[in-house]
Amino acid sequence: MFRLALSLFFPVASAEKWAVIAAGSSGFWNYRHQADSCHAYQLMVKSGVPAENIILMMQDDVANDSENPFKGQLYNKPGNDSPDVYKGCKVDYSGKKVTAQLFMDVLTGNAQRAKGKVLKSTEKDTVFVNFVDHGGVGLVAFPNGPVLHVKELSKTLKTMQSQKMFKQLVFYMEACESGSMFPDLTSDGKILAVTASNAKESSWGTYCGDEAVVKGKSIGSCLGDLFSVNWMQDDDLGKYSSETFRSQIQKITKLTNKSHVCSFGDKSFENEAIGDVEALAATESMDVARGSVDTRDIYVNQAFWAWNNAAAEDKEAAWKKLVQVVKSREADDAVFQSITSKACSDVNKEGCQKKLQGDQNDVKEVECHYNLVHTLHQHCPASESHYSKGGWNGYNMKYSQVLANLCENQELLGKNAEQLDELVRSSCIAASTGSMAPLAVVV
């Protein structure tokens with residue numbers, strides 16, 4: 001499927017083809033993100049993108065992790081004949097270099113700051129961007145440094161437009177609430193974004209637990225993400241029908257049945273014919289939802305699976321890790337309970353907290369949300385069990401919605417943006433120093 005999409009976006013022989021691929025996580029329990037990204041790299045090469053025009057950034061700590069049963073290898077699907085997607089996967093930026101700032105610099109061609117490969121595309125060229133990782137309302141994660149906020153991504157894409165860096169750009173984003181990341185795309189901006197979920201829901205990992213078995217061995221981590229595996233495995237099958245890009249999105253939407261795939265921006269490409277090819281027969285038999293898990297719950301599910309399947313001598317250590325994950329989630333819940341309690345101090349607290357925790361406001365007060373997001377990253381404790389380097393992690397990013405709700409209810413709360421920032425800061429510092437008072441949970 002995706003090879004055909006590329007043929008749509010790369011129709012002119014004289015035009016250059018470019019791709020930027022980013023995995024925004026680290027740690028073995030995020031195996032699926034780096035497997036997704038290496039698989040995407042392989043497809044870019046097969047689709048005719050020159051290797052020198054592919055820029056791949058990821059922590060690159062999973063393939064050789066001590067927990068990996070196949071050292072130096074990564075697999076994106078189960079089975080005895082599953083290909084090693086890490087073989088030939090050329091990583092341009094790894095380790096501490098992989099940040100949101102690097103991602104923006106690469107996309108905007110800022111070689112001086114990136115200190116490595118960057119996009120050098122022109123207005124004649126076509127660009128494919130693929131991001132895979134954790135996310136929340138108005139943000140996506142990177143393994144080092146602060147998160148990437150919707151404000152920053154919007155500015156980056158506008159910079160690319162003003163610098164005339166593409167003829168057409170397609171952006172595939174795999175992350176929870178990824179539908180919240182493209183509010184400024186226009187119908188004639190030559191950018192089409194396709195997201196794994198809408199702005200109000202999680203995306204899903206797949207091939208998890210008992211389904212994550214390759215060549216007879218349990219991997220111990222999810223192999224892929226449902227949306228990503230859908231568009232990539234369909235391409236691997238090599239059987240297609242004559243279709244438009246619109247029909248491709250519809251097929252991905254149907255197969256990604258745990259969340260709502262969305263598309264944004266310039267859809268003028270969607271009705272263009274792709275070409276006559278074989279009937280799409282094999283796609284219908286794909287069962288990529290096997291072992292699917294809500295991304296928010298993947299860590300606790302994997303910890304339980306590891307304990308349940310551990311050998312007798314490893315049970316105690318596996319149990320301790322499961323308890324650590326559960327306690328980390330409870331600590332995150334307590335932080336946001338504290339934040340909403342303080343925010344509602346001058347109004348009807350019970351009704352107010354329910355509103356802040358239950359509403360699904362869009363991010364309209366962008367500066368307010370941006371500041372709260374970065375305050376929380378800087379001052380809240382990092383979760384070791386979630387591989388986080390700052391206050392945000394794969395579980396608590398769901399609470400980015402709460403920060404959006406705070407910003408949209410300043411008048412109701414009787415607090416301005418600066419006061420909201422201070423109460424987020426104080427709650428985070430209390431959590432970091434262990435001085436947070438126990439709070440009753442609002443249900």
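The torsion about the S-S bond of Cys208 and Cys222 is about 110°, so this disulfide (a pair of cysteine sulfur atoms within 2.5 Å) is right-handed. The model is a predicted one, in which local features need pLDDT of at least 70 and side-chain atom pairs count only at pLDDT 80 or more, while totals for chains, interfaces and linings use all residues. Residues are numbered from 1 along each chain as its sequence is written, and side-chain values use heavy atoms, with hydrogens and water left out.

**Cys208 and Cys222**

- Cys208 sits in the loop between strand S9 (204–206) and strand S10 (213–214), and Cys222 in the loop between strand S11 (217–218) and strand S12 (224–225). Helices (H or I, at least four residues) and strands (E, at least two) are DSSP runs, numbered from the N terminus.
- The two cysteines are 14 residues apart, and the pair links distant parts of the chain.
- Their sulfur atoms lie 2.0 Å apart.
- Cys208 has 6% relative accessibility and therefore counts as buried (under 20% relative accessible area; exposed is over 50% and partly exposed in between, with a 1.4 Å probe and protein chains only).
- Cys222 is buried too, with a relative accessible area of 1%.

**Cys368 and Cys407**

- A left-handed disulfide, with -80° about the S-S bond, links Cys368 and Cys407. The distance between their sulfur atoms is 2.2 Å.
- Because Cys368 lies in helix H11 (residues 366–379) and Cys407 in helix H12 (residues 400–408), the pair ties together parts that are 39 residues apart in sequence.
- Cys368 is buried at 6% relative accessibility, and Cys407 is buried at 2%.

**Cys380 and Cys428**

- Cys380 is joined to Cys428 with an S to S distance of 2.0 Å. This link is left-handed, with -75° about the S-S bond.
- Cys380 is in the loop between H11 and H12 and Cys428 is in helix H14 (residues 417–433), so the pair ties together parts 48 residues apart in sequence.
- Both Cys380 and Cys428 are buried.

**Disulfide pairing overall**

- The count comes to five disulfides.
- With the bonded cysteines of the protein chain numbered in sequence order, the pairing is 1-2, 3-4, 5-6, 7-9, 8-10.

**Ser259**

- Ser259 is placed in the loop between helix H7 (245–255) and strand S13 (262–265).
- With 7% relative accessibility, Ser259 counts as buried.
- The Ser259 side chain reaches the backbone oxygen of Ala196 at 2.6 Å.
- Apart from neighbours within four places in sequence, Ser259 is in contact (heavy atoms within 4.5 Å) with residues including Ala196, Glu201 and Trp204.

Key. A polar contact is a pair of N or O atoms within 3.5 Å; within protein, one must be able to donate a hydrogen and the other to accept it, and residues adjacent in sequence count only if both atoms are side-chain atoms.
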